[in-house]
Protein chains: 2
Amino acid sequence: MKILHSTPTKDGYFMPAEYEHHTGCFMIWPERADSWQYGAVYARKAFADVAHAIAKSEKVTVFTSFEGYDTARKMLKDHIRVVEMSSDDSWARDVMPTFVKNSDGTIRGIDWGFNAWGGLYDGLYFPWDRDNRMARKVCDLLEVDVYDKRSFVMEGGAFHVDGQGTAIVTEACLLSKGRNPHMTKQDIEMELKQTLGVTHVIWLPCGIYEDETNEHVDNICTYAEPGHVILAWTDDREDPQYEMSRRCLEVLEHETDARGRSIRVTKLPMPAPVYVTEDECSGLIDFDGEPTRKAGDRLAASYVNFYISNGAIVMPRFNDENDDKAADILRNIFKNREIIQIDARNILIGGGNIHCITQQIPGGR
Amino acid sequence: MKILHSTPTKDGYFMPAEYEHHTGCFMIWPERADSWQYGAVYARKAFADVAHAIAKSEKVTVFTSFEGYDTARKMLKDHIRVVEMSSDDSWARDVMPTFVKNSDGTIRGIDWGFNAWGGLYDGLYFPWDRDNRMARKVCDLLEVDVYDKRSFVMEGGAFHVDGQGTAIVTEACLLSKGRNPHMTKQDIEMELKQTLGVTHVIWLPCGIYEDETNEHVDNICTYAEPGHVILAWTDDREDPQYEMSRRCLEVLEHETDARGRSIRVTKLPMPAPVYVTEDECSGLIDFDGEPTRKAGDRLAASYVNFYISNGAIVMPRFNDENDDKAADILRNIFKNREIIQIDARNILIGGGNIHCITQQIPGGR
């Protein structure tokens, strides 16, 4: 593995969209007792369900700690690969490399700086050095060269691309004070253009209400195909999310993408507000003397936080009346993919969802 | 990865000889401060030299702890793969899987029990659970099925095979009280036949004087080709090794192998006795309140402890007058391989040599 100090865009590399073909998917086994209630026993079941759903159409590798290996090996089917690697938690989207490819199909990784979504300013845990070292080690494992971008704080959940020159991000996240406070919006946009191989960045104002990542874009919207965005939506004007989604819609309706297309938007309904229960909070240990969550806290539930595998849309189920409606909408959009709904409450309690705990490796076919 | 409870031999698998083609080699980065003097800085240099020598003709993967990764990545060239995996020390020969293959060329691993060369009876460190878990995890990483043989204590350095039905072992090691004391010699031989795909086991009485592994066979002799064994030898009748090598020679001269061939023996001279120095001992931290070595202790130095890579014989150099003589003998035997001599004193201080810190993955071509 070579550690590269140039930039992907200059070298002819770009990030393919998630709906393009993958050679596989990475996940990280949940173990942290302040993130995952009751020693992560419920989260593990949900993670295993996600892994098995994705593995129906692509290779899945799950990373675990030394201590977690035996349990992971037992709970995951034989065709899931389990590999030891130290981490601080289980957010593969944010700590795995972002993969870029060139016109020959050669793959390289980007090793962003990771500081637990805000570092000492408003990050969610400390330390985060194990997470921050994963991307490079994953590239080493895969034998692909890696771009050293550790000086730029970024997470995979903070951007989406259409694979044709456009990225979508949120100002709430990328301009947050805990990431790259010394950089202007223009500096950050330039950095994204140099690393993701995009020529145009769409800046949404915000994401999902109470999203602890400073409102990652991957919880509020995603690309369905070039020129077509799926946006989390509520019609409940009393919900703070209504105004947030509306402001995003307004931006999207007035934007064009890198190829000059206007953006078609499909609204994906949200579940009714989801609150963490007393019992769930009782299952979480404190972090640094503080409870991670308090009973009644609202969780950032959104159906948009799904993973596009080669053969399926692996999406969250919240046991809400909109579960089937959301599935039907996605079924209608992704006609060649199976819709697999996973009970995701025990992922959501940890602070994210299915897209957050997965990272695709592009290539193949 | 499937965990198999049958036996390789019954399934049509056998262990190929080391001189057959490899797809790669595994090593483990030295880090233990009670094994490797002065915080392993010298050992790392020697391990890197070995990795680079082997990597001239086959892929090398070096496992490290989380803490060791950055140093390993820096000291090892780009084309060496560095992968995190927990271990207790650095003896890849003994803790990696033994690989077997079938007539289709499919590879499987054997996950032996490992107890640090004698467990609580006369093992060399405690605990050894990280080591004992490596073989299975390596098979998982490679996506090859693994035989669960953890109930049988065995190390890769405790046997050699000719790839044509014969294994060589030592009684001193295999019948030692710290390994499988409940098993008879016949039980152990049966187990080897069932796992290595051999039909005949040659039992040498002993190995190298003061060899802490209870005299592993890979320090006293090795196969050069079917029917041809290289034996560590000294002409110094005052040296306790003389009688030990002589007894081994006597067995070999009266043995036939699985194919009915008598054994041709090439004597490989040993270096003059090597003793650990005061300064070297000062660089080792105590283990459990006891010094690992005392100044003047004899080290189990032997040229036989070399690795056969696809393109080379990677052999120890002791800065002894027999260095070149031993190299010439091996050059004459392995005519199609380069002879690469590595200054191995800093591996020897840890208790083994080049063969002990490597494990080949058979297959290819």
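Student: Leaving aside neighbours within four places in sequence, which residues is A:Val62 in contact with?
Tutor: A:Met27, A:Ile28, A:Trp29, A:Ala51, A:Ala72, A:Leu76, A:Ile80 and A:Val82. Contact is when C-beta atoms, placed from the backbone, lie within 7 Å. Mind that this is a predicted model: local features need pLDDT of at least 70, side-chain atom pairs count only at pLDDT 80 or more, and totals for chains, interfaces and linings use all residues. Residues are numbered from 1 along each chain as its sequence is written, with chains lettered from A and ligands numbered from 1 in the order in which they are written.

Student: OK, new topic. What's the strand order in the open sheet of 3 strands?
Tutor: β16-β17-β18 in chain A, with mixed pairing. Strands are DSSP runs of E, at least two residues, helices are runs of H or I, at least four, and both are numbered from the N terminus; strands pair if DSSP finds at least two bridges between them.

Student: And which strands stand at the edges?
Tutor: β16 (307–308) and β18 (338–343) of chain A; each has a single partner strand, so one side of each lacks a neighbour in the sheet.

Student: In which sense do β17 and β18 of chain A pair?
Tutor: Parallel, over 6 bridges, with β17 spanning residues 312–317. Within that pairing, A:Ile313 sits opposite A:Ile339 of β18(A).

Key. Two residues are in contact if their C-beta atoms, placed from the backbone, lie within 7 Å.
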